[in-house]
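Trainee: I would like to learn how to read strands, salt bridges and pockets in a structure. Please take them one at a time.

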Amino acid sequence: TAADGSPQSFTINPAIGNAAYIGQTLFVTSGSTSTTAQVTLSASVEGSAGDITTAKVSFIDQLTGQVLAKGVPVSPVAGATTPTGTANTTVTLSSGKYGAQSYLIEVVLDPAAGSEYSNADQLGDPTAKAYATLTVMIPATTNSMQGTAAITPSGAAAGTYGSGTNVHYTAGLTYNKSGTNPQGQILLSLDLGGSTYVIKSNSISSMACTVKATPCTDLTVYTKASISRIDASGTTTSVDGNVTLRMDVHDGGTSGDTIGFTILSSKTSSLYYSNNWVNDSRAKAWRTVPQTVSNTGGTAVVIN
């Protein structure tokens, strides 16, 4: 005897996929007076099965939560033996008020934008290839300092966040001819314990040319800063405010740039982070000694 007919409901979940940011991470504007750049965002996508053309990609800036591009189509890669494809789009991004701006890119296979694939599991790992730090900078200009690079762990990193990975900084400063009235922003990001920590300056306290030269090639900058944590779901939580951030930089031209960060709590005096905490024989003290950083074209530290 046939059963009575009755409606049944069921859920079709998105297929599992992974994404990776494969685009350029440094874009320089067309001139020192140009504050925007045409930025190409590119990603590769791999699916567990099915038709990869039903995937859609969104590019999100984790720092602001802004969707830079939504629902970018995925085109299959000819000859691939697994469902793989690429997504590519161009957007206009700003170099910021002080000539250097960072964007923490998150590549999302976005069901909300029509994707039949999701990489939600992958996004639980901040070290996944779905994340990248992108910087927009102006060319070198008088009375300014710009810089951006990844910091390779020296083995002597120390502090609460000393074991952090994927450490990256972006700095943009302007000042007058005599080196006074400094303004700007410094941003340092790192991954630790399944979250991304962001240390962001909010008020430049002082700047000094520590080795007299014309032009100056060595700066020490003090600034107040805040620390926030971005978890796997993209939620941002304040960790501490009014911390002290010291940045020591040397412009070595196309090679030999060095940088040192010392981040201290103003409440408990705790060392949050040093990228190279060593016993300096010259100073006869433990302190941050700037370490060598590199970037194509000498953009790790540019002082003019």
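What follows is a dialogue on these features.

Mentor: The model is predicted, so local features need pLDDT of at least 70 and side-chain atom pairs count only at pLDDT 80 or more, while totals for chains, interfaces and linings use all residues. Residues are numbered from 1 along each chain as its sequence is written, and side-chain values use heavy atoms, with hydrogens and water left out.

Trainee: Which residues of strand β7 are on its covered face, and which on its uncovered one?

Mentor: In a regular strand the side chains alternate between the two faces of the sheet. Strands, by the rule used here, are DSSP runs of E with at least two residues, numbered from the N terminus. Strand β7 covers residues 84-94. Its covered face has Gly85, Ala87, Thr89, Val91 and Leu93. Its uncovered face has Thr84, Thr86, Asn88, Thr90, Thr92 and Ser94.

Trainee: Which strands pair with β7?

Mentor: Two strands pair if DSSP finds at least two bridges between them. Strand β3 (residues 36-47) is antiparallel to β7, with eleven bridges; here Gln38 is opposite Thr92. Strand β6 (residues 75-76) also pairs with β7 in the antiparallel sense, over two bridges, and Ser75 has Thr86 as its bridge partner.

Trainee: How many salt bridges does the structure hold?

Mentor: Side chains of opposite charge can pair when their charged atoms come close. The count is three, where a salt bridge is a side-chain nitrogen of Lys or Arg within 4 Å of a carboxyl oxygen of Asp or Glu. One of them joins Lys267 and Asp240, whose closest N and O atoms are 3.1 Å apart. Lys267 is in the loop between β17 (258-264) and β18 (271-274) and Asp240 is in strand β16 (residues 236-250), so the pair ties together parts that are 27 residues apart in sequence.

Trainee: Is Lys267 buried or exposed?

Mentor: Buried means under 20% relative accessible area, exposed over 50%, and partly exposed in between, with a 1.4 Å probe and protein chains only. Lys267 is exposed at 65%, whereas Asp240 is buried at 6%.

Trainee: What is the salt-bridge partner of Arg246, and what is that of Asp280?

Mentor: Arg246 pairs with Asp248, with 2.7 Å between the closest N and O atoms. Arg246 is partly exposed at 26%, and Asp248 is buried at 9%. Asp280 pairs with Arg287, their closest N and O atoms being 2.7 Å apart. Asp280 is buried at 9%, and Arg287 is partly exposed at 27%.

Trainee: Where does Asp280 stand in its strand pairing?

Mentor: Strand β19 (residues 277-280) and strand β20 (residues 285-288) run antiparallel, joined by four bridges. Asp280 has Ala285 in β20 as its bridge partner. The two strands form a hairpin with four residues between them, and Lys284 in the turn has a positive phi of about 55°.

Trainee: Which residues lie nearest the centre of the largest pocket?

Mentor: Rolling a probe the size of a water molecule over the atoms shows where empty space is left. On a 1 Å grid over the protein atoms alone, using a 1.4 Å probe, a pocket is an open set of points with protein on both sides within 12 Å along at least five of seven lines, and lining residues have an atom within 4 Å of a point. Of the 25 lining residues, Tyr131, Ala132, Thr133, Asn166 and His168 lie nearest the centre. β10 gives the most to the lining, with four residues.
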